[in-house]
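Hello,

Here is the structure we spoke about, with notes on what was found in it below.

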Amino acid sequence: MADTPSGSAQIVIVGASLAGATAAEALRAEGWTGGVVLIGSEQSLPYERPPLSKDVLLAKKGTESAQLHDQQWYDDNKIDLRLGTTVTAIDPVAHTVTLDDGSQVPYGKLLISTGSRVRTLDVPGADLPGVHYLRTAEESQALTDAYAAKPRVVVVGAGWIGLEAASAARERGSEVTVVEPQSTALASVMGEEVGEVFADFQRQHGVQFRFGAGVEGFEGTDKVTGVRLSGGEVLPADLVVVGVGVRPNTELAEEAGIEVATPDNGAGIVTGADLQTSVADVYAAGDVARWDHPKYGRPVRVEHWQNAKDSGKTAAKAMLGQDVEYDSIPYFFTDQFDLGMEYAGDIPRGTSYQVVFRGDPKSGAYMVFWLDDDHHVLAGMHVNLWDTGLDAVRELIRSGKQVDPARLADTSVELSDV
């Protein structure tokens, strides 16, 4: 293994997230026999987040099903896993991190995989019991338990987490209303045309919407009883789920003098294609990293499961001195009622695009593509077309070929021939 961290210096990973735990696993898989310290502020063993808003909310599985490995695996692989521990400072000069008990841990290479935290609503009543967020295993379990009573549920935010929380609540017997200030569901990520298809799908399963409405506050004394909208309407609620996005946990990096992008420029810790930050021997992966994407020729930051796994592996290889570039095509998926969707690609903010449907959404199985003005494929997704999958979509994106929108929409034409 060439150019490994100097001497026997250990590798420290700040953030026992999916990206952090995947990096630790990859270090051992790549042959690193030196020390690995994985530090996480949660008490839970490292886990994947997608099950928390899917099978766990449906009470099909417990939160332990989302764990990557059990404790024995970390012991067997000699990974020093420190849970319930918070890193309070990074010293890039001394090559140390400081823990919340005041002790210091030295590193040869450091990976920051601190992930994101939920955006909270700063409105009257926001701290009332019954107002839930969904990010951690603990929050998922609390919401799962609360759903058992079949409460009247109001979901704030019609993004992916909001729609998954809404579908799980409906499947478990609750009345559900989703409040969203934009004109339809998923408008900022899918566009209005596709977002409305998802909204209609949710309506068919009994979910109600209040679009174009903000939240002014939550009603109640001992617990939440209603949601007050910007127009004055109060929606009765026994339980509220707030899903209004996340923000990357960049504070440690900023305080250490590591370059961090502004919110207007994607936020996140700035890295090169090898995921190394502006400071020597310090890398970033997962939600918190904004890296120079070699395929796109521009910075990208992605807040999804696949990115955490892929970037964790790439960062591990980079820390071991391997010549790597992180060029994965962004990917995410969702499960809502009987709908399964996979998406690949990236549409830069402010980009104009054309939406092309391949198949009829009313059939429940179709594809959608987003093309730029020159008919290059920016992104594509399938709904319930598991035999088709996304390989052809990724190939169209990577090839950079111009496609004929009419042929792309024609299901009798192979995707390789568009």
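Which residues does Val324 touch, not counting residues up to four places away in sequence? They are Ala273, Asp274, Thr314, Lys317 and Ala318, where contact means heavy atoms within 4.5 Å. Val324 sits in the loop between helix H8 (305–319) and strand S22 (331–336); helices (H or I, at least four residues) and strands (E, at least two) are DSSP runs, numbered from the N terminus. Its relative accessible area is 16%, so Val324 is buried (under 20% relative accessible area, with a 1.4 Å probe and protein chains only).

This is a predicted model, in which local features need pLDDT of at least 70 and side-chain atom pairs pLDDT 80 or more, while totals for chains, interfaces and linings use all residues. Residues are numbered from 1 along each chain, and side-chain values use heavy atoms, without hydrogens or water.

The largest nonpolar core has 51 residues (a core is a set of buried Ala, Val, Leu, Ile, Met, Phe, Trp, Tyr and Cys residues joined through side-chain atoms within 4.5 Å). Tyr74 is one of the members that touch the most others. Helix H1 (18–29) is among the elements that give two or more residues to this core, and H1 gives the most, seven. A second, separate core has 41 residues, including Val153 and Ala379.

Leaving aside neighbours within four places in sequence, Tyr74 is in contact with Ala21, Leu38, Leu45, Pro46, Leu68, His69, Ile79 and Leu81.

Regards

Conventions: Buried < 20%, exposed > 50% of the residue type's maximum accessible area, 1.4 Å probe, protein only.
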